[in-house]
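Subject: Structure handover and notes

Dear colleague,

I am passing on the structure we spoke about, with its sequence, and my notes follow directly below it. Please read them with the model open beside you.

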Amino acid sequence: MDRNGEAQVRKGVELLLAPLAVDASVLAIPFDLPTAGQEGDGVTAILNDDIVNAIYGSCAYSDPTADASQYIIIASNSKAIAIKVSDGTTTDIDYPVGLGISQPVDMIQAFNKVFIFRDGQTALEWNGDLSGTPEFTKVTSGEYSQPKRLTPTRVDIVDGKATATFSSLAAMNGLNVGNVFVIENEGSPSTFTVGSEFLVAARDDTALTIDFFAQLDDASNVSGVVIQQHVSVGLGFTHMPAPPFAIYHQRRLIMPFNYTVDNAVDSFTRKDSLDEVIASDILDTDTYDQIYAQYRFNAGTADFVVGLHSFAEDTLLVFNRNSIHTVQNSTDLATASVRLLTNEVGCLARKSIIQVGNRVLFLSDNGVYSTEFIDEYNLRGTGTPLSESINSTVQRINKNHADKSVAVYFDNRYYIAVPLDNSTENNAILVYNFLNQQWESIDQVDDSNFHSTNLIVVGKGDDRGVYSVNDIGGVHRLDNRVDGIDRVITQIGGSQQNLAPPVSLTTRQYTLGTMDRKRWKEFDFHIQSSDSNASNVAFSAETENPDATVDLGTLSSLNGGDLAVSEDVSIRGRIGNRRGYGIQFTMNNTSGRPKIRSIEVEGSIAMRSTNKAI
């Protein structure tokens with residue numbers, strides 16, 4: 001991948017002058033293709049059959065009962081596939097009979113399930129079980145049955161644990177773990193009190209029981225107990241309203257409320273407003289209370305919900321196109337409060353929203369911004385974009401397709417894939433290093449067909465890393481190797497390419513901290529070769545006011561040959577007393593993967609006269 005442009009290199013800061021190694025052969029995409037290369041080189045596979053022709057969504061998945069179980073789930077047009085990161089083995093996950101996907105979808109893991117959200121269509125869910133014949137099913141839609149009075153056949157209390165037994169699943173009426181219910185009749189013999197509330201702690205569909213905790217005396221075979229599920233607050237309960245996406249927050253799913261659920265199954269009506277969100281019941285992805293007034297943002301303005309993010313202290317961040325809001329105390333929907341954070345900046349791309357410590361980064365019209373918790377009660381945005389130092393690159397982002405941008409945080413870096421120039425897909429990855437507090441690279445594969453539809457952090461141990469997924473079935477791992485060769489697949493039915501792209505590094509401009517014109521005399525570069533490659537680099541210097549480009553030679557010419565594997569050297573040379581207000585250096589890598597350990601330049605003020613220079 002190409003590193004160029006505006007990375008700021010400071011003395012003592014170590015940067016790799018080489019591509020992020022993209023590896024197409026880490027994972028196998030399961031379409032019964034032959035392997036490429038010899039054993040140990042992995043399996044290279046892409047979309048190449050008559051059934052699967054595109055990937056429309058992807059997400060990370062881990063089995064909570066198996067700590068080594070790390071997967072990438074991809075959703076194709078005809079089926080989903082679980083790819084085990086550790087060894088590349090795959091498992092097909094079927095869709096409901098007759099159902100296919102033909103538009104981009106969003107996927108998340110929540111409540112030990114994986115959801116596929118299809119904007120305006122019934123969402124799909126899978127229970128996470130890869131044994132047998134795994135299958136996605138449709139979530140419940142159509143008319144919602146409001147809560148009812150429920151009568152268990154008996155209730156038993158032992159050491160503060162109460163177990164209610166029902167006659168059938170229907171008699172339990174969807175009473176799930178986390179639901180709150182109220183005692184309407186205490187039964188006999190019993191010490192229940194009418195009006196007392198309890199929380200469902202466990203549910204057993206085989207035994208037809210629910211467990212809850214009650215600080216009451218032991219009792220056996222209590223009959224006649226009547227319980228009432230909580231009724232809706234506001235406009236009534238509804239099923240999941242066909243959202244384009246959702247997030248997990250405080251044991252709920254939170255999603256845009258763009259559609260109302262019709263009485264007919266799989267039928268939804270588009271709403272006039274796009275500035276509302278709705279929350280599921282606690283630990284219940286099938287029940288949504290239509291709390292219209294409390295979760296509408298900038299009503300009546302030209303604004304709409306772009307993304308949501310679960311922050312600390314029960315704070316939900318709502319990113320609109322032109323504003324940012326917070327929702328506090330979403331645990332109790334009846335008392336939730338909404339606050340405007342700012343209406344001076346909004347979010348361009350939902351998947352660019354990433355939390356790093358007490359900061360939340362996102363892509364806006366003016367570049368990458370961040371919000372920050374100053375203290376426990378004060379969440380505010382910063383006035384200057386984080387990407388100000390690479391603004392010329394940010395201006396190259398194709399605004400018509402910027403909403404496709406995606407980002408992740410890994411290894412103290414913020415990776416954001418964006419569409420640069422005329423690209424309609426994310427063809428570049430910008431990398432911000434939190435240790436250096438600088439943007440360290442702009443990475444591109446030397447093939448215009450390579451792009452990243454999604455970035456995913458997944459894996460355990462040596463397998464953990466950043467994986468790029470695209471719609472032609474490519475699953476590539478970033479930063480996995482050190483040889484500076486990108487191994488990629490960029491065509492359906494194509495073969496693996498080994499690309500050695502041109503690599504460039506440009507330092508910041510040095511000015512000696514004054515506005516005066518200087519004479520630039522000498523440079524000193526400390527360079528080290530990688531552990532696997534000899535290195536050569538071409539050097540140049542660019543002065544400003546007056547503008548000039550100075551050829552400084554190559555590492556090979558100044559060192560008497562290429563820099564050997566693992567060797568380091570200090571390269572000194574003269575600039576020739578070139579005048580200029582400032583100077584910067586450009587290094588074009590011609591072979592190997594060298595490290596630039598430090599850069600030093602010597603200069604002096606050329607004149608101190610207040611008269612006009614001739």
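This is a predicted model: local features need pLDDT of at least 70, side-chain atom pairs count only at pLDDT 80 or more; totals for chains, interfaces and linings use all residues.

Strand E8 (residues 121-126) is mostly covered, since five of its six residues are buried, where buried means under 20% relative accessible area, exposed over 50% and partly exposed in between, with a 1.4 Å probe and protein chains only. Residues are numbered from 1 along each chain as its sequence is written, and side-chain values use heavy atoms, with hydrogens and water left out.

On one side of the pairing pattern, E8 runs antiparallel to strand E7 (residues 113-118) over four bridges, two strands being counted as paired if DSSP finds at least two bridges between them. Within this pairing Ile116 stands opposite Leu124 of E8, and in the hairpin, which has two residues between the strands, Gly120 takes a positive phi near 85 degrees. E8 is also joined by two bridges to strand E9 (residues 137-138), again in the antiparallel sense, with Thr137 of E9 as the bridge partner of Glu125.

A separate item is an open sheet of five strands, in the order E18-E24-E23-E20-E19 and with antiparallel pairing. Its edge strands, E18 (237-238) and E19 (247-249), each pair on one side only. Inside the sheet, strand E23 (residues 277-281) and strand E24 (residues 284-289) are joined by two bridges, and Ser280 has Tyr288 in E24 as its bridge partner.

Turning to the nonpolar side chains, the largest nonpolar core has 22 residues, and those with the most contacts inside it include Leu361, Ile397, Tyr414 and Trp439. Such a core is a set of buried Ala, Val, Leu, Ile, Met, Phe, Trp, Tyr and Cys residues joined through side-chain atoms within 4.5 Å. Among the elements that give two or more residues to this core are strands E30 (359-364), E34 (413-418) and E36 (438-443).

The structure also holds 22 aromatic pairs, meaning rings of Phe, Tyr and Trp (its six-membered ring) whose centres lie within 6.5 Å, with planes under 30 degrees apart counted as stacked, over 60 as edge-to-face and the rest as tilted. The rings of Phe192 and Phe198 have centres 5.9 Å apart and planes at 75 degrees, so this pair is edge-to-face; Phe192 is buried at 5% relative accessible area, and Phe198 is buried at 13%. Tyr409 and Phe434 are likewise edge-to-face, because their ring centres lie 5.7 Å apart and their planes stand at 80 degrees. Tyr409 lies in strand E33 (residues 406-410) and Phe434 in the loop between E35 and E36, so the pair ties together parts that are 25 residues apart in sequence. Of these two, Tyr409 is partly exposed at 30% relative accessibility, whereas Phe434 is buried at 12%. Ring pairs also link Tyr61, Tyr71, Tyr95, Trp126 and Phe136 into a cluster.

Finally, for the chain as a whole, the secondary structure comes to three helices and 48 strands, and 52% of the 614 residues count as buried.

With best regards
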